[in-house]
Amino acid sequence: MLEINEIFGPTIQGEGKLIGTPSIFIRLGKCNMSCAGFGVEYKTPNGEIKKSCDTYYAVDPAFKKEWQKLDCEETVNKVSKLLPNYKIDIVITGGEPLLYWKNEEFQKLLKYYVEENHTVTIETNASLDIKFTQDYQRKLLFSMSVKLSNSFEPEKKRININTLKEISSKTLNSYLKFVVDKNSINIVEKEIIEIRKKVGNIEIYLMPLGSTVEEIDKNSETVINMAIKNGFKYSDRLHIRIWDNKRGV
Ligand code: SF4
């Protein structure tokens, strides 16, 4: 079974390489990190105040009651009600979707959408060990948002060079994406360059930290300058610019 936090769309992909592309999102619950450094304050259903990222409701098991247990077929049926009359992209996000990599229903879902000729993106922190064992897996696009020290997660937990190499060598268009903020720019710049040295040639996108337009605006110019300096690409966070942090759009 898959624990699904939400299925929504059609909307546009708000960030990364395929920004602006019409997509349907399948958001899985659970994450192996909490990223308190991203500073989004929220209240759990029990009234506890915590900090995490902007998708805390798919990360913190305190919201588990909102997650639905679905198998591949039930998920496909729900998505089919949202499909437009063209071949839309499917984005599998979280939480951390690779927590389900060894789950049979998860693999069935990936295979189904790849074989139906959808572009399938997996949005992941790429910190878990995975191996490619099937041909359809090579057709996936991994948007690897590797976490840096500004997430406040320990380095050992967030950087998995073997997985980054496995994904970048086995798939065609996968890329790295880093969340960067003005205050930690010098430290994270060194960290990104170090990761690039170890992983080898791979496309790199930088995104400004922020869960509101004001926060994004505070960081964006510094992040753009860092991208230009290093030959990285800048990715905005379009969904936040347009819908702030509203869910399900
Ligand atoms: S790894 Fe991603 S989903 Fe998990 S807590 Fe960090 S930012 Fe959120």
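Analyst: Happy to! Helices here are DSSP runs (H or I) of at least four residues, strands are E runs of at least two, and both are numbered from the N terminus. Keep in mind that this is a predicted model.

Let's look at helix 7, which covers residues 213-230. Its 18 residues reach 25 Å from the first C-alpha to the last, close to the 26 Å expected at 1.5 Å a residue. Along the way, helix 7 bends by about 40° at S220. S220 is also one of the helix's buried residues, together with N219, V223 and M226. An α-helix has 3.6 residues a turn, so residues three or four places apart point the same way. The cover over the buried residues of helix 7 includes strand 9 (175-180), helix 6 (185-199), strand 10 (204-208) and strand 11 (233-234). Just past the end of helix 7, G231 adopts a positive phi of about 75°.

Leaving aside residues up to four places away in sequence, F178 touches V146, L148, V188, I192, L206 and M207.

P84 counts as exposed because it has 10 C-beta neighbours inside 10 Å, and the cut-off for exposed is 12 or fewer. The C-alpha atoms of P84 and R237 are separated by 24 Å, with the two residues 153 apart along the chain.

How values were computed:
Residues numbered from 1 in each chain as written. Predicted model: local features only at pLDDT ≥ 70, side-chain atom pairs only at ≥ 80, totals over all residues. Expected span 1.5 Å × (residues − 1). Bend = angle between axes of the 7 residues up to and from the residue. Buried ≥ 20, exposed ≤ 12 C-beta atoms within 10 Å, placed from the backbone. Contact = placed C-beta atoms within 7 Å.
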